[in-house]
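Hi,

Here is the structure I promised to pass on.

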Amino acid sequence: MDIGKAFEFIGKDEDWMKKMGLGALLAMIPFVNFAVFGYQIQIARNVANDEERPLPTWDDFGSYFGDGLRLFAAMMVYMLPVFCAYGLFFGFFFSYMDAFDPTYSGGTAGTLPPNPPVEIFAAMGLMFACIMPYSLFIYALFPMFSIQIARHKSVGSCFQFSEMWQLLRAQTGNYVLMTVVMVGLYMAGSFIAAPISIVAILIPCLGYIIYLAIYGAIITLTFSVTGHMEGQFMKGIEKPTNFDDYSDIVAFDG
């Protein structure tokens, strides 16, 4: 996998500023920003198909939005255990408050006492100990979900565990590298943008827009680079005779 190409391809496009700028703008808008997820997926398809200019235009917004919505839906299904864990914790928390002994530390029924009981902290610690590793695991699978939707264009493809395992096993090194670059690029961008955002947010109204613009630019750049690497990953997959039939997928071992 060529990391350099994943960064260089953006600047080689004559209209890269317009394309990336529009992506950053869309990334600022809730719900509409699903299209940026789909834009990443289209980049992966273009790279896999050896397009000379893999950075797509925004003419097919509806298709990008649909792919992004599929990716978001798959992520939400996988995150259901996390939502349930939060629900159980807060259910326990408020039930404990309502049933609390009003004579304890001068507290009253239904309110949190001055010194919260150790059970609350124990439950919180247990919750985070369970959900944090799982959340990180699902985040690490984000590129795989994008690859599956790029290939199959369906939410169901993100639950084809046997197929995804074959792909991961065949190109483990490439996948790990792709995930590390994705996380590293986002963290580096956030670290650089943080002081700028802190200053910008102090400017009434305009400051918040500047903050959103910086965030949108980071997201668009991260997704574009990751999309190119996903396309390179897809090129390492042996395609069957019928491109739409991936029932017997086989991947190279190198």
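**What I found**

K153 counts as partly exposed, because its relative accessibility is 38% (buried means under 20% relative accessible area, exposed over 50%, partly exposed in between, with a 1.4 Å probe and protein chains only). K153 sits in the loop between α7 and α8 (161-170), and its phi is near 60 degrees, a positive value in a residue other than glycine.

Before going on: this is a predicted model, where local features need pLDDT of at least 70 and side-chain atom pairs count only at pLDDT 80 or more, while totals for chains, interfaces and linings use all residues. Residues are numbered from 1 along each chain as its sequence is written, and side-chain values use heavy atoms, with hydrogens and water left out.

D50 also has a positive phi, about 60 degrees, although it is not a glycine. D50 lies in the loop between α3 and α4 (61-78) and is exposed, with a relative accessible area of 55%.

Now the overall layout. The chain has 10 helices and 2 strands (DSSP runs numbered from the N terminus: helices are H or I with at least four residues, strands E with at least two). Along the sequence the pattern reads α-α-α-α-α-α-α-α-α-α-β-β. Of the 254 residues, 43% count as buried.

What about the largest nonpolar core: which residues touch the most other members? Those are F145 and F233, in a core of 53 residues. Helix α3 (residues 34-48) gives the most to this core, with 10 residues. (A nonpolar core is a set of buried Ala, Val, Leu, Ile, Met, Phe, Trp, Tyr and Cys residues joined through side-chain atoms within 4.5 Å.) Leaving aside residues up to four places away in sequence, F145 touches L71, M75, Y78, I138, C158 and M164; contact means heavy atoms within 4.5 Å.

The axes of α7 (residues 142-152) and α9 (residues 172-200) come within 9 Å and cross at roughly 110 degrees, with axes being lines fitted to C-alpha atoms, for helices over the stretch in contact, and angles running from 0 to 180 degrees between N-to-C directions. That makes α7 roughly perpendicular to α9 (the label covers 65 to 115 degrees). F142, P143, M144 and I147 of α7 meet Y175, M178, T179 and M182 of α9.

Last, F83 is in helix α5 (residues 80-98) and is partly exposed, at 41% relative accessible area.

Cheers

How values were computed: Angles under 35 degrees count as roughly parallel, over 145 as roughly antiparallel, 65 to 115 as roughly perpendicular and the rest as oblique.
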